[in-house]
Amino acid sequence: MFNSLTDRLQNTFAELRGKGRLTEDDINRAMREIRMALLEADVNYRVVKEFVARCKEKCLTSEVMDSLTPAQNVVKIVLDELTDLLGSTDSKLVLAQNRTPNVIMLVGLQGSGKTTAASKLAYLLKGQGRKPLLAACDTHRPAAADQLEALGKEIGVPVYRGDGRDAVQVATESIRYAVDHLNDIVIVDTAGRLQIDEEMMEEAVAIKRAVKPDQILMVVDAMTGQDIVNVVSEFANRVDFDGVIMSKLDGDARGGGALSVREVTGKPIKFASMGEKPDSLEVFHPDRMAKRILGMGDVVGIIEQAQKVADEKSLEDAERMLRAGFTMDDYLSQLQQIRKMGGIQKLAGMLGAREESVDEKQLVIIEAIIHSMSREERLKPKIINGMRRRRIAAGSGHSIQEVNMVLQQWGQMNKMMGKVRQLQQSGSSKKAMRGMSGMMRNMGIDPSMLGGMGGGKKRR
Amino acid sequence: MGFMDSLKKGLSRSREAISEIFYMGGEVDEDFWEDLEDTLVMGDMGGEVASRVTDDLREQAARENITRAPQLREALAKRLAAEFVPAKGDPFTDLPSCVLFVGINGAGKTTTVGKLAGKAHGDGVPCLIGGADTFRAAAIEQLQVWGKRASVDVVTRERGADPASVCYDVIDEAERRGARLVLIDTAGRLHTSADLMRELAKVVNVTRKRCASMPVSVVLVIDATTGQNGLNQAKEFNQALDLDGLIVTKLDGTAKGGIALAISHQLGLPIFRIGVGETIDDLQSFDALEFCRALVGEGM
């Protein structure tokens, strides 16, 4: 069900191979695939309709119709159009220069992640040298103020609770408290509310009137479905907000709602909230979001994640590997690296691969087998003969076939490493460089295209 | 306001949209089918289900020579209702019973536990709440406030304690005092975080093993505003924990909760309760046909 758009389109266009020229009907079929992909990503159906109509117009130009690779051209058009729609990277908070304290107010539905976002925002601002104060104006949900206080304590940001009864009063008092305690920015966390709850919407408006926030941010759950349009347009009408924080983007939701928000309200998505930790509020990248919505994987995201995990030692290791070859220990540490990055399944998900196609258990087996090798064997796997194989198999509790498989995989990797070494030694051979950069470019567009280019459907 | 009324109010947007299709012109033509599919999609039923249901109905219309849209209304409600899996029992009334509530962050697990405890206490059922959400800040405090409101005791430990051992304590205490209904709240987690899912599997396994005196059910709480990702969520949770059923919350907004239909159908899970409002009585039993009739605007 969650095939990437490229796969879907490739299937559609594969049937048309040898036809010479695409007709409008063919494009219509491609558009239907795009429509389904967007709907699966929870983009609002009205937005989808307009979007698809716009894309179709662009696709009907002769460039696409006559091209040898119509599928890729169509995907590119859709991707560009989508990135365009999602807007530029605009994660700046617009705060009045001559006002102390500045005020940021957070609104949203119940359970969208306002309180968590408030503490993350405070952490971010604190890192920028500000002195934030958190105001606990959620006086409705039991223990919401306790939650904010606990989070505030973790990140070392004070929390103003007041008497915890009247949200408007707590908000007003928090400003005064901030002035007295030299806090230069106040983040007002409000209660979650349904957009059709008249009383609660009144309260939000009253808080807004009382504290006159520099910025109002709406927290939107990335998993929200079609209803997001009703929610954001009502909030935009009543409270009016300046930007959106997309929460729970660390899950595997496609987050098509981001597109709907842009289309319906024109407000920018300012931040992406990616997890439970206080530092997981990130700048929003429209291009990555576009790929995610289309199920095309987030290659840049993976690279960044890898960079986060990779430390000095790994760099040294890489150099040593190039110098002295790839040992079993290297293989093992690579596996552990994958683990650190959130498991193979998360990586595969980011790459847009089907999740069933990768097996986490395989990693465990490989690890067990390598652990059963002696130090010498790990450094020089070539010495592993039949006797040793049998011993390793018995020691790790796996079959000799599985041991052979691990050795084979190591052999392939070692070969690859050798090629890289050759490349390096022969200086920067221009031809090889071109080949590499071409490959990188392809990966940047879409990793699964590589599989498609080979003709067969490789999915690993 | 009665249950049906509040449900209808909550579902009004999609009902209006569907009614519009059925009344406009009344003639069944290509536009009608396209609009119908869109409306189902708008209810978060998913493109695939929507097109399947539409195709089925289209066949039926051709077979039975139905040319007027209003006649298809009841047929659609029945068609949709048939997608749901009926519940074989009710873990909240088939006592004694121990229920674990799982789900992603912010789905409404704690609130649901609070409401169900209040209802059970009102019905005179000896009930006990277990607070196994030892991760989220102030989750224990929130549960304790609910416990106080419902006059039901809460067994828990300090923040950061092992949730599985909390469950152990809860069952101990429940057996000691002879509680007939045990409701255990767990920490919300995204289905994509493998480690947290394993932790939850351990919690569930410990509870299942320890709790010999009563059947243990695992219920997934899902927010009605959830889109297509809800299916992924349910699949992952089901795979890790072997779910018994669902509770759909926050149906009092404009969200339609159509994803519940997709989940119930695909994973064969019944829906035990739906939340249609803020008060304890707004957590109601689920009736597929009623739900679908309200969705398509039957009897308006």
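Q: To start with chain A, in what order do the eight strands of the open sheet come?

A: In chain A the order is β3-β2-β4-β1-β5-β6-β7-β8, and the pairing is mixed. Strands, and helices too, are DSSP runs numbered from the N terminus (strands are E, at least two residues; helices are H or I, at least four), and two strands pair if DSSP finds at least two bridges between them. Strands β3 (159-160) and β8 (281-283) of chain A stand at the edges with a single partner strand each, so one side of each is left without a neighbour in the sheet.

Q: Before we go on, where do these coordinates and numbers come from?

A: This is a predicted model, in which local features need pLDDT of at least 70 and side-chain atom pairs count only at pLDDT 80 or more, while totals for chains, interfaces and linings use all residues. Residues are numbered from 1 along each chain as its sequence is written, and chains are lettered from A and ligands numbered from 1 in the order in which they are written.

Q: Back to that sheet: which helix packs on the sheet of chain A?

A: Helix α6 (residues 114-127) of chain A does, touching β1 (102-108), β2, β4, β5 (215-221), β6 (243-247), β7 (269-273) and β8 of chain A. Its direction makes about 170° with that of β4(A); such angles run from 0 to 180 degrees between N-to-C directions, with axes being lines fitted to C-alpha atoms, for helices over the stretch in contact. Contact here requires that the C-beta atoms of two residues, placed from the backbone, lie within 7 Å.

Q: And how many bridges join β2 to β4 in chain A?

A: Six bridges join β2 (residues 132-137) to β4 (residues 185-190) of chain A, and the two strands run parallel. Within β4(A), V188(A) is the residue opposite A135(A).

Q: Changing topic, how many residues does each chain bring to the contact between A and B?

A: Chain A and chain B each bring 34 residues. On the side of chain A that touches chain B, α2 (24-40), α7 (144-155) and α16 (343-350) each supply at least two residues, and α7(A) gives the most, with four.

Q: What classes of residue make up that side of chain A?

A: It has 13 nonpolar, twelve polar and nine charged residues, where Ala, Val, Leu, Ile, Met, Phe, Trp, Tyr, Cys and Pro count as nonpolar, Asp, Glu, Lys and Arg as charged, and the others, Gly among them, as polar.

Q: What scores does the predictor give the complex?

A: The complex has an ipTM of 0.77 and a pTM of 0.72. Chain B averages a pLDDT of 84, with 87% of its residues scoring at least 70; pLDDT is the predictor's confidence in each residue, from 0 to 100.

Q: Then on to chain B: what does its secondary structure come to?

A: Chain B has twelve helices and eight strands. Its eight-strand open sheet has the order β3-β2-β4-β1-β5-β6-β7-β8, again with mixed pairing, and neighbouring strands of this sheet are turned by 25° against each other on average, direction ignored.

Q: Which residue in β4(B) is the bridge partner of L100(B)?

A: That is I184(B), and β1(B) and β4(B) pair in the parallel sense over five bridges. L100(B) also stands opposite V218(B) in β5(B), and β1 (residues 97-102) of chain B pairs with β5(B) in the parallel sense over five bridges.

Q: Where does P215(B) lie?

A: P215(B) is in the loop between α9 (194-210) and β5 (216-223) of chain B, and is partly exposed, with 15 other C-beta atoms within 10 Å. P215(B) and L95(B) are 120 residues apart in sequence but 8.7 Å apart in space, C-alpha to C-alpha.

Note on methods. Buried ≥ 20, exposed ≤ 12 C-beta atoms within 10 Å, placed from the backbone.
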